[in-house]
Amino acid sequence: MGFTVYIILVPIVMFLFLSLGSKWLKPRTAGIIGTAGMAVSTLLSYFTAYRYFFVEGQQNGVYAKITAFTAEWLRFGDKLHIDMGVLLDPISVMMLVVITTVSLMVHLYSLGYMKGEVGFQRYFGLLSLFSFSMLGLVVATNIFQMYIFWELVGASSYLLIGFYYTKPTAVAASKKAFIVTRFADLGFLIGILILSFNTGTFDFGLLTADNASLAVTTMSGGSFLGLSAATWAMSLLFMGAAGKSAMFPLHIWLPDAMEGPTPVSALIHAATMVVAGVFLVARMFPLYVFAAPDVLTLITYVGAFTALFAAVIAITQTDIKRVLAFSTISQIAYMMVALGVSGMGGHAGEGYTASMFHLFTHAFFKALLFLGAGAVIHAVHSNEMENMGGLRKYMPVTHITFLIACLAISGIPPFSGFFSKDEILSAAFQHDKFIFAVLWVVAGLTAFYMFRLYYRIFWGAERRYDKHPHEAPAVMYVPLIVLAALTCVCGMLPFSKFVSSDGAPFSAGINWGIASASVLVGIAGIAVATWFYKKASDRPARAAAKWAGFWDAASHKFYMDEVWQFVTKKIIFRCVSRPIAWFDRHVIDGTMNALGTMTEKASETIEPVQSGKVQTYALVFVFSVLIITVGVFLL
Amino acid sequence: MIPMEHYLIVSSIMFFVGVYGFITRKNLLAVLISIELILNSVEINFSVFNRYLYPEHMEGMFFSLFGIAISAAETAVAIAIIINVYRLANNIDVRHIDKLKH
Amino acid sequence: MNILSVLVIIPLAMLLALLVSRNRAYVRTVVTVGFGLVLAAAVAVAVVFLQERAVSSEAMLLTSSTVWYAPLNIHYAVGVDGISVLMILLSSVVAITGVFSAWNMERDFFVWYCLLAIGVFGYFISLDLFTMFLFYEVALIPMFLLIGVWGNGKKEYAAMKLTLMLMAGSAFLLTGILGIYFTAGGTTMNIMELSQMSIPMNHQYWIFSLVFIGFGVLGALFPFHTWSPDGHAAAPTSVSMLHAGVLMKLGGYGCFRVAIFLMPQAAHELSWIFLILTGISVVYGAYGAVLQTDLKYINAYSSVSHCGLVLFAILMLSRTAMTGAVLQMLSHGLMTALFFSLIGVIYSRTHTRDIREMGGLMKVMPFASVCYVVAGFASLGLPGLSGFVSEMTIFVGSFEHTDTFRRVLTILATTSIVVTAVYILRTVGKVLFGPVLNPDHLKLGDAHWYERFSAVALILCIAAIGIWPSGVQHVIYESLQPVMEQINLF
Amino acid sequence: MDFSNFLMMHQELGLLAIFLILIVFDIFAGETPVMKWFRPLAVFLLAVHTVAGFFVVEDGTAFGGMYVTNDLTVLMKNILNIGTLVVFLQAGEWLRKEDKGIREGEFYVITAATLFGMYLMISAGNFMLLYIGIETASLPAACLAAYKKHQEKSAEAGAKYILMTAFSSGIMMFGLSYLYGATGTMYFEDMQSLITMTPMTVLGFVFFFAGLAFKISLVPFHMWAPDVYEGSPTPTTAYLSVVSKAAAVFVLMLTLHHVFGGMEKVWYYLMWVITVVTIVVGNLFAIRQNDIKRFFAYSSISQAGYIMLGVLHGSEMGLSATVYFILVYLFSNLAAFGVITSVENRTGRTEIAAYNGLYKTNPKLALVMMLAVFSLAGIPPLGGFFSKFFIFASAAEQGDYILVFIATVNTVISLYYYLRIVKAMFINEPAADMGEVMRTDVYNKASLVLCVAGMLLVGVVSGVYDYIDAIGF
C-alpha cells in the first residue's frame, strides 16, 4: 500500500507551496488549494482504511502491522537507525481517518471563519504543516520517527496558537504551550534513549512483537534508583505523552492555547494533537503491559485524577473555549485511564479498545463543539458566556449540532459518546472499583458543565448584541452538520471488531448495568444544569457563594498556573538563570578580567624601582650580582 | 716579599670602595673617580696574578695596560658628556639626572 | 599543485587584489567573485574527495607534502578526510554569506576578512601540526581589527579580551604541540604519522590537558568562554557570523584532530574532567542565555551551550557521539551564522539589540522575522532542521556508554534543549511578535537582497542537513574510522 | 704571521676602510655642498660591505688564537651589518633636520666604530680582545646616545649610559681578573680546559656574566636600557636595541658553552631564573609605558628573555634558533624604529598617543608598524612567529616544558601591549593636529621595505633557517 505515503506528502507539499507562494497567491485561492490538498489526503485515507480493514489488513484473522513504506533516514552507529516510513495497523489507520476528516472539516470551516484575516495564506500553510506532522506521527514505524513528528506537531501548534502574533496573550500562550510540551518531550527523549539503548532498536515492530519480549528480556534488570530500566523508560515516555495530552500537572498549556483561532483549537487542541499522548501509550501498549505494568497503574491514577480535576474546573469557567479545553483534558484523561486499566488480548484488552474508541468518537464531537463555539464566537465576537444567551433563535444549525455534541459527550444514547464511554466505564469497573467511581462522577460532572455551557449560550436571557447575531455561512455550518452526523452514527460502529489490543477482533457488548448507571448520572447532570441555567436566575450565584472557597479555587484552576509560574519565574529564572548570568559576568568573567588587572597592578607596583637614578641602578646591579653569587654557592 | 693576599685585599677594598663611591657620591666627577677606582683595582689584580701565579707569560700585564688605556678613553668620553650635561642642566649632581624614569 | 592549496591561494589572491583599489564596486566584485570561487573550489574538493574515497581506503585523501623546515621536520602537508571536507564546505558557505552580510563594508574590512579566510581554510586542510597552528593563529589575529575597528559598543575592550583569551589558548596549544612533537620522538609533525607513534603516558596527561584547553578556549569551554559574549556583541555582523560559524569550529576540530586522535589514552583517562566542564558549558550556557536582553548576548551564550555540546560529544569517545559532534559543528555553524546575519539585519535598522526595546518586528520586516524564527527552530532542535539531527546523534551516541556517570551527564545535557526552547521563544516572542513597541520601527524596511541571499542560502543548507542527514552522516561516520581505531586500542 | 691572516680579517679591514674614508670625507668636506654626498656614500659603502660579507669565507685563527673567524662569526657579523645598514638608512633624515652644530658625518663614523668593536667581540678568541671589543663598541655608543647635544634628555641618556657601562665593565673586568687568577690564561681554548668549579671561578664567572647581561639588558641588569633608549636619538635607540644587543648575545652564545661549558651546573639555574624574570619584568613594565621608545625598550628587554631561551640550553638547535631569532628581531624592531623615526621627524612626538589614527593619516607607515609589532608578538605569517616557534622548540627539545609554558603565556601579555599600539593606530581617532599625510624620505622608505621584506621572507622562506642551521656549531 505504498500510496499511503502520499497521504503525508500532499500536506507538506501544500505547506511549502502555500508558505513560499503566500506573497503571490490570493487568500481565497490559497484557502481552496489547501482545502483541496487536504481533501486528497482524506480520500486517500478513506481508501487506505477500506483497503486495510476489509482487504489487506487481516492475516490469519489478526490485523497485522503492515509497513507500507520505509526508508532509512539517519543512522546512529551500527545498530540504531531512524527510518521514515508508514506503518499501518488498526490504530494508525483509524487515526488517519480521524485526522484527515477533522482536518478537512476544519479547513472548510476556516474558509469562512478566517475570511479577511491577515495572513490567511499563512494560516492554511500552517494547517497543512500541522496535518503533515500529525499524519506522520501516527504512521510512524519507529519511536524516533514518532518523536520527530511529535516535535513538528509541537512546533506547528506553536505557530498556530500564536497565529495572532500581535496579540501578547496569544504569544504568551504559544510560548507556554511549546515550552511545557517541550519539557515533557524531554522525558520522551530520555525514555527513547533508555529504551533504544537497552533494546538496540527504535522499531515498533520489534519493540512490540511477541508481547514485547525484547524489552522484557533486556530491560527488566539494570535498576537505577531502585527502578528497572523498563519502568524508567516507560514512565519517561508517559511523561512525554502526558505533556502532549495535557495530563495533570502538565495540563496548564492547553487552556491558554485557546488563544489560537478557534478552528485550530478544534483541530489541534481537541481532536488530534492532544490525543497523541494517548496514541503513544497505545502504540507502546505491549511494553507497558509486559515490561512495566506499574507504570500502567501510574497512568490510571494520573488519568483519573486529571479527569476529575479538569471536570471540576470546567464547571467554573466562563470562557466557553476554556470550558471546552478543560472538558478536553478531562476526556483525554478518560482515555488514559482506559489504557491504564486495560490488559492485553481479547476482553482483557477492552480498555484499550475503549480508549481508542473514545478517542475516535471524541475527536468528532469535540471538534464539533469547538467549531460550534467558533460559530458562536464569530457571531457575538466574544468568548465570554456573559456576552451570550438566547442564541438558539439566531443560530439554529449551530444550536442543534451543538446540542448533539453535548448529548454525545454526556454519554446519552444513541450518540457516539455513550458507546465509547460505556466501554471505558465497564473496563474500569472490571479493573478497579474506585477508578470506576471516579469516572462515574466525572461522567456526571461532564454532563453538568456541558449543559451549563449549552444553556448559557443558547438559552437564558438574551444579551444586548451590538450587531444582530446571525447564523454562520454555509461553508461553516456544513462541517458542523457533517460532524454532527458522524457524532450520531459513529458510535454504532463495531469498533472492537477493528481495533483491539492484540489485533484480533472481538466483540465487546454493552454492559447494560454500567450503561444505565452512566446514562443516569449523565441525565442527572443535565437535569441539574437545566435547573440552574435554563432560565436566567440567581441560583448559580447562590450555589457558588455557598462553596465560595472551593469555587474560587476551581475557577482559578486550582492555582496550577501560579504554581508553575512560581517554579519557572521564581525558581528557574531567579534562582538559576539570574545567578548563572551574574556568576558568569562577575565571577568567571571577573576572574579573567582580574588576571588582566592583576598584571596591571603588578606592573604598577614595580614601577618605582625604575627610579631614573643611576645610583639606584648600580645598587640593584651590585646586589643582584651578590645575590646571584650567594645563590650559586648555595646550590 | 709582600704576600699576594695583601695585594688582593687592597684591590678588593679598592673595588668595593669604588662601588660604594659610585652609589653614594653626588658629584658626577666623583662618580667617575669611583669608576677609576674599580678599574684600577682590577688592574692590580691582573698584575698581581700575573706576577705571582703565572710569571711565565705577560697576559695579565698586557691586560692591565689595555685597561689603563681604555679607562682613559672612557674618562674622556664621560667627561665630555658630563660637560654637556652641565651645560644643559647647570649642575653635575648625579641625583638630578633622573628625568627619564619608570 | 594540490587542489586543496587552491583554497588558501584564492583568498590570498583576493587579499592582494584588494590592496590595489578602494573602489567599492571593485571591492565588491573581488570579494563576491573570490568567495564564489572559494565555494566552487570547496565543492570541487568535496566532489574529488567523494570520487577518491570510492576507490581508496586511506584515512586522508588528496594528500601532498612538501618539506618546509627540514631541521624540524616541518612540512607543508595537506590532506582531507570527510570531516575536513565538511568543515571546508561550511566555511566557504559561511564566508560567502558573510560577504553578502557585509555588503556595505569598506575595502580594509575585506582585507582582514580574506586573511581570516586564509587561516580558516589553511587550518582545515593542514595535516602538519606546525602549519595547522600557523593557520590557526592567522585566523585569530584579524579578529582584533575586525572587531576593534568595525565593531560597536565596547568594541575595544571586547576585541582585546577576545584576542588575548584566544591567544592564551594558543599559547597552551603551542606548548602542547611542542610536547607532542618531542615526546613522540621528534621525527615528524605530521598528524597521521604521529598517530602511529606513542607518546609516553606521563607526558600525555599534561599535553592532552594543554591541547584540549588550548583548543577548548576557542570552542567556548567553560570557564574559558567569557570572550564569547563580549566578543560577539561587539563584532560586526559578518565577523560574528564567521567567528561563531567557523572559527569556533576550529576549536572543536582541533580537540578532535589533535587532542583525541594523538592522545587517545589520556583522552580516556582524563575525559571525565573535561566532560564535567563541557557538561557545565552545555547547561550553563543555556541558562545563562535565558535572562539576557541583548540579542547577541543571547546568541553568544547559546553558542557556548551548543559548542559545549560539540566538545561534550567528542569526549564521549564513541563513534556515534563524535559523528554527532561533527554534525553539530556544521549545524551550529550554519544556524549561528544565520542568527547573526539576521541580528545584523535587525540591528542595522532598529539600531538596538535590546529585546526590551523591540517588538512586533514580524509586521515590519516579515522576511527577516520568518528567517529568524527558522533559525530559532534550528537552534532549539526542531526536526527537519539541522540542529535536531546533530543533537539527537549526540544524545544517542553519548548514551551508548554503560557507565552511569556518562549517562547521567547525557541526561543533564539533554535538559539544555528545554532551556534552549525557553530563551529562543522568549526572544522570538519579544522581538518579533506582539505589538510594535516603538512607533519609529513601523517605518523600517525589510532585508535587502544581499541580506536575503545570505539568509536563504544558510536556511537551505540547514534544511538540507535537517531533511537528508544520512549523506553527511555517512561521510562523517566513515571518516571516524582511524580515530576509533586509536581509541579502541585502549 | 703572514698576509693570509689579514685576508681572513677582510670584514674588519673593510669596515676600517669605510671608517677611514668616512672620517676623511667628513673632515675635508666640512660644511661644503659636497657633504650632501656623504650619506649616499656611507650607505653605499656599507651596503657593499654587507654584501661582500656573504662571500669569501675562510675559517681560521690569527694572532695566536686571539682572533677567530669561521662561518658562524661571519654570519653574525653579516647580521650586524644588515642592522647597521638599516640604521644608516633611517638616521639620515633626522640628521639633516637637526640644527647646525651637529655634524652629520660623525654619526656614521661613530657608528662604524662601534660596529668595529662588535666585530672584535664576536671574533675574539681571548678575553682581552673581547674586552677591547666591548669597550670599542660601547664607548662610542655613549656618544651616539648623547648625540643631540642641545637636548637635556639626550645628555642624560649619554651620561647614564657611559656611567653604567663603565661600571658594568669594571665589574666584568673584576670577574675576568679572577678567572685569570684561577686559570692563568685569557684564551678561550685554554680556559675551557682549565676551568674548574672553584669559588674563584664561580665568582669570576658571575661577575663576567653580569657585565655581559648588562649589554643584553637582562633583568636585573637592564635598568639603564629604558632610560637610555628613551633619551637617545631614535636611530641610536634602534642601534642599541638591536645591533648592540645582538652582538652581546652572540658573545654570550660563543663563550657560555665554549668557555664555561664545564660550569653548566652553575649557570643553568641562574640563567633559567634570569630568563623567566627578564621576560616577566620586561612585559610588566612594557604594559604601562606611554612613550613609544621607552615601550620598545621594555619590549626589547622581554625579547632578550626569549633569546635566552635558545642560549640557555646551548643545544645546536637552540643556537641556530637564537641566531635566527636575532635576525628576525632585527628586522622587526628596526621596522618599528623606522616608523618611529619618521613620525618623530614629522611631529616631534614619541608618545604612543601620537600614533592615534596613524592608519588614517599614513596607512603605509601604520601597516609597517603593525607588521613590526605583530612580528615581535609572534604572529604568523611574519618572521616573529617562526623565530619564536623555533626558540620554544629548542627549549622543548631539552624537555624544559615549564620554561616554554611560562614563555608562551608571557607572549600573551606581550601581545596585549603590542595590540595597544595597533589599537592606537587603527582604532583610535586621529588627533586634530595630525591631519596631514606624513611622508618619509626615500632612504627611510628603503629601510622599511628592507625590513618588511625581511619580516615576511625570513619566516616563510625556509632557506634562511636552513642556512643558519647548516652553518651550525
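**A tour of chains D, C and A**

Start by selecting chain D: its 473 residues would give a compact globule a radius of gyration near 23 Å, and chain D agrees, with 21 Å (taken over C-alpha atoms; the rule is 2.2 Å times the number of residues to the power 0.38). Before moving on, note that this is a predicted model, where local features need pLDDT of at least 70, side-chain atom pairs count only at pLDDT 80 or more, and totals for chains, interfaces and linings use all residues. Residues are numbered from 1 along each chain as its sequence is written, while chains are lettered from A and ligands numbered from 1 in the order in which they are written.

You'll find 20 helices and two strands (DSSP runs, H or I of at least four residues for helices, E of at least two for strands, numbered from the N terminus). Along the principal axes, the C-alpha atoms fill a box of roughly 65 × 55 × 40 Å.

Next, select chains C and A together. Here 40 residues of chain C are in contact with 37 residues of chain A (C-beta atoms, placed from the backbone, within 7 Å). Which helix of chain C gives the most to this side? Pick H18(C), with nine residues.

Finally, select residues 120-138 of chain A, which form helix H4. Its 19 residues reach 27 Å from first C-alpha to last, close to the 27 Å expected (1.5 Å times one less than the number of residues). H4(A) is mostly covered, with 19 of its 19 residues buried (20 or more other C-beta atoms, placed from the backbone, within 10 Å of a residue's own).

Note on methods:
Two residues are in contact if their C-beta atoms, placed from the backbone, lie within 7 Å. A residue is buried if 20 or more other C-beta atoms lie within 10 Å of its own, exposed if 12 or fewer, and partly exposed in between; C-beta atoms are placed from the backbone.
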